[in-house]
Amino acid sequence: MAPSFRRSRLDLACEPSAVGRARSHVGDTLTRWRLPEDVVFDAATVVTELTSNAVRHAGSCADPFGPGQVRPSTVRRCALTLWVTDTRLHLGVWDQSRARPVLRPVSFDAEGGRGLQVVAGLAEGQWGAALTRPEGKVVWAALPLPAGYRPRIARDSPLSRASLRR
């Protein structure tokens, strides 16, 4: 595995507001890392889909409560992780559900279900899910970076320029 040069993690409450916060974090972080604009756009699209799925299937609203019932006191969690290597931007969304996502064929008249197809396309098939301990899973995608991209190491980074010459 190629060394990771940049890494970011954002912990979230797994509720609808997490989608906007994750998308905003991707835009801010990847712009600060000076990734190309088209990569930032694709990453925001992928993270929006993965976070939406986490909220829909594993979030606080995944266990509906009826009228007169008290909302559950525990807020489910999810987390977004970003990291860059020489050739790819890796995106991972962790949630507390162990149910793996399923890539399904979509009919022309379907009203939904295209999200993972979009993720798979943007990641050129480099996506998947892995169970985590003690609970949950991470759904990840790896977006290709333009040929010749080399991460720009900040001056305060603990990584030395020598480590980039490998």
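Modeller: Happy to! One term before we start: a residue counts as buried under 20% relative accessible area, as exposed over 50%, and as partly exposed in between. Also keep in mind that this is a predicted model.

Biologist: Got it. So is R9 buried or exposed?

Modeller: R9 counts as exposed, because its relative accessibility is 52% and the cut-off for exposed is over 50%.

Biologist: And which residue does R9 form a salt bridge with?

Modeller: That would be D11, and the closest N and O atoms of the pair are 2.8 Å apart. Side chains of opposite charge can pair when their charged atoms come close.

Biologist: How many salt bridges are there by this rule?

Modeller: The count is three. Another one is between the side chains of E135 and R77, at 3.6 Å from N to O. That pair links distant parts of the chain: R77 sits in strand β2 and E135 in the loop between β4 and β5, 58 residues apart.

Biologist: What about accessibility for E135?

Modeller: E135 is partly exposed, since its relative accessible area is 30%. R77 counts as partly exposed too, at 43%.

Biologist: Where does K137 come in?

Modeller: The side chain of K137 meets that of D95 in a salt bridge, 2.9 Å from N to O. Both D95 and K137 are buried.

Biologist: Let's switch to strands. How does β3 run relative to β5?

Modeller: They run antiparallel, and eight bridges join them. As one example, R88 stands opposite P144 in β5.

Biologist: And how many bridges join β4 to β5?

Modeller: Five, and those two strands are antiparallel as well. Within that pairing, A130 has V138 in β5 as its bridge partner. β4 and β5 form a hairpin with five residues between them, and G136 in the turn has a positive phi of about 90 degrees.

Biologist: Okay, helices now. Which residues are buried in α3?

Modeller: Helix α3 covers residues 115–122, and its buried residues are G115, L116, V119 and A120. They span an arc of only 135 degrees around the axis, so they lie on the same side of α3.

Biologist: What covers those buried residues?

Modeller: The cover includes α2, β4 and β5.

Biologist: And what happens just after α3?

Modeller: There you find E124, which takes a positive phi of about 50 degrees.

Definitions and conventions:
Residues numbered from 1 in each chain as written. Predicted model: local features only at pLDDT ≥ 70, side-chain atom pairs only at ≥ 80, totals over all residues. Heavy atoms only, no water. Buried < 20%, exposed > 50% of the residue type's maximum accessible area, 1.4 Å probe, protein only. Helix = DSSP H or I, 4+ residues; strand = E, 2+ residues; numbered from the N terminus. Arc of directions from axis to C-beta. Contact = heavy atoms within 4.5 Å. Pairing = 2+ DSSP bridges. Salt bridge = Lys/Arg side-chain N within 4 Å of Asp/Glu carboxyl O.
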